[in-house]
Structures are given as structure tokens and as C-alpha cells.
Amino acid sequence: MSLDNAEKVDDKAEYKMDLSSEIKELALRYDDQRLSLIMNKMCQNLRAKYLEYPMLVHLETQAVCNANCTFCPYDSMERKGVKMSDQLIEKVIDDLSDMPKDLFYTINPYKVSEPFLEPRLFDILDLMINRLPGAKISFISNGAALTEKKLDNLAKLDASRFSALKISLNSLDPQEYESTMRIPLHKTLKRLDVLHEYIARGKLSIPVNITRVAFDVESDLKFILEVKRRYPLFSLYVIRRNDWIGSVKIEKPHEHVPDTPCKRWFDLSITATGKVALCCMDSEAKYTYGDVNNEHVLDIYRKSQMELLRLLLPSRKDADSPCNQCTYLN
């Protein structure tokens, strides 16, 4: 389906005003040249502030998930089920407390995992909030484990310390959802209905984003319209499908490595074993360049191989493996 006739997907007048912006946003997701320009500019801006300190930290406190998504490497991951010790979690947070107090950055209490399955989550969030004043906390969840008790616990925390609660929903069609996520849709929607009610009643003020891993314009736009009808208070994002540096076989692979640097060079991606992955796409920490068990977190970030990439911002095509094979362009 072309973008020109995409408005024919919906025939309800109340959605007509939103459709043009949604179509433009979707068009951007499929425009590699435009995305490359944005990525290049973003990296230049990040270099000005985050040469010595990470823009984003993934802290995978346990490698546990209740889903088995077709676009995710979790099912074949060697560390599946591994839990980081309480002592190591505290050590990482203590290391991060050396970040400048006035430097904004994001910390994600997950990597290849479902954060709301972590029984220690709210103790960990308390540590982050109390010891990391510059950090904003963000989640990506499938939503199935987001019980009312957990929502009530979230509501007790300072909402200003959270940047987003992102729900990877991907489809409202039961067959498509369950073949993609491999968990029951009706249970997830029950949780999201309650979450939407909490937002509507003002019981929770953390921004909620519904996400979909992109497939094609027609199905992506259909998903957006369906979610807008059911959850008008949630924002929506379409995320490009990625192959996790070859770890996941994808149906519609991107053929070209972008001629651009990567914003993920400004991240720190800590796995449940303590090994630091090259980036969020390095699901197995196959390209590890540090271990928080015996190194300071910020010393790992400043290691020369990554610092040089951040300083010079070469095209990914001119970088060493695996960056010169990676098609990530979100």
C-alpha cells in the first residue's frame, strides 16, 4: 500500500485529523536516507555531552522473560535465567553515582528481559531514585506482568524520575499477537485496560508508549488506528525491525549498513552476568569489552575502543566488526 492512499484504511471522521501526521511518521520509518541524517546529527549532539559519561545505561538485573517474541533473541540466549546478585546491583549503582549530578541520562532496569518479573524491582528503583539524581528511569515491557499491585507501587514513586513506560504490544489481533509474542493477548489487554484507567483517573502520571516492531506501512497503520481507538491516552511508536547483529532471522531484513555513526556508542549495556555488551543489539555480550564484577562502570565506558568511536564518529561502514555489519537505525 502506498502512502498516498493510506488514508483509505480508516473511514471514521474522528481519526482523519490524526492520520496525516501518522502517515508522515510511518514514512520516516521507511526512509533510510532521512533516518541516517537524523542519526548523524544526533550523534554529533551526543558527542558534546557524553564522551566520558553514558547517555543510557541498560542494567539487566535478571535475564528472565515471560514471552518468546519472534523478533527477540531471548529464547536462544545462553544466560537465560541468570540473576545478578544484590551486591553487584548495588555496586553498579554506586559506580553510577559518580556521574555528574547535573548530567541527564537514562537508566533502563532491563536488557533482554521483562522488568516487571523482577521481584526486587521496587527495591532497585528506590536505590536508583535515591542515589542517582541525574538519572531518568525508562521501561520496556510486554505488559503481561503489570499487575494492579505493581501499578500501585509505581504510583507511589516520584513520577518526574521516569521518562516512559513502553509497552511492546505489536498487534491487537489474537492470532498475530500470539504467534509473534507467544503469550495470550487477552491477559495482556486486561492489564493494559487497567493501566489506561489508572492514567485516565490520574492515579499514575508516567507517560505510556505503545510500541510495534515495524512490518509494513499498511499493517503498521492499521495497528496505530486500532490502538488509538482502544487506548486514546497512550502514545504510539513504530520501531524498525532489527536482526540483533545476526542473532535473529527477520522476515524483511534491511539490506544496507547505514553510512552513519551510531547513537548506541553512547550507551552502556550491562548483562545479568556483569559482562558489558558492545551495545543493546549485542544480545549475548559476544563483543564484550568489560565486566562490572571487577571494573568500575565508568572506566569501562571510557575504554579506548569505544571512546575513539564516540570521538571520531566514523561511518559504521568504516568501523570494525560488528558495527560494520549492523543495520540498526532506530
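Hi everyone, let's start with Leu-312: its relative accessibility is 55%, so Leu-312 counts as exposed. By exposed I mean over 50% relative accessible area, with buried under 20% and partly exposed in between, using a 1.4 Å probe and protein chains only. What you see is a predicted model, where local features need pLDDT of at least 70 and side-chain atom pairs count only at pLDDT 80 or more, while totals for chains, interfaces and linings use all residues. Residues are numbered from 1 along each chain as its sequence is written, and side-chain values use heavy atoms, with hydrogens and water left out.

Where does Leu-312 sit? You'll find Leu-312 in helix 10, residues 304-312. Helices here are DSSP runs of H or I with at least four residues, strands are E runs of at least two, and both are numbered from the N terminus. Together with Leu-308 and Leu-311, Leu-312 forms a nonpolar surface patch with about 300 Å² of accessible area. A patch takes residues with over 30% relative accessible area and no salt bridge, joining like charges within 9 Å and nonpolar side chains (Val, Leu, Ile, Met, Phe, Trp, Tyr) within 5 Å. A salt bridge would be a side-chain nitrogen of Lys or Arg within 4 Å of a carboxyl oxygen of Asp or Glu. The areas come from the Shrake-Rupley method with a 1.4 Å probe, and for residues only the protein chains shown count as cover.

Let's follow both partners, helix 2 to begin with. Helix 2 covers residues 32-47, and its 16 residues reach 22 Å from the first C-alpha to the last, close to the 22 Å expected at 1.5 Å a residue. That expected span is 1.5 Å times one less than the number of residues. In helix 2, Leu-35, Ser-36, Met-39, Cys-43 and Leu-46 are buried. They cover an arc of only 100° around the axis, which puts them on the same side of helix 2. The opposite face, turned away from the buried side, has the exposed residues Gln-33 and Leu-37.

In helix 9, have a look at Leu-298. Leu-298 counts as buried, at 2% relative accessibility. Leaving aside neighbours within four places in sequence, Leu-298 is in contact with residues including Tyr-53, Pro-54 and Met-99. Leu-298 and Glu-52 are 246 residues apart in sequence, yet 7.8 Å apart in space, C-alpha to C-alpha.

A few backbone spots are worth a click. Most residues other than glycine have a negative phi, and most peptide bonds are trans. Just after helix 10, Leu-313 takes a positive phi of about 50°. Further along, in the segment after helix 10, is Pro-322, joined to Ser-321 by a cis peptide bond with omega of about 10°.

Finally, the whole chain: 10 helices and eight strands, with buried residues making up 53% of the 330 residues.

Key
The arc is that of the directions from the helix axis to the C-beta atoms. Contact means heavy atoms within 4.5 Å.
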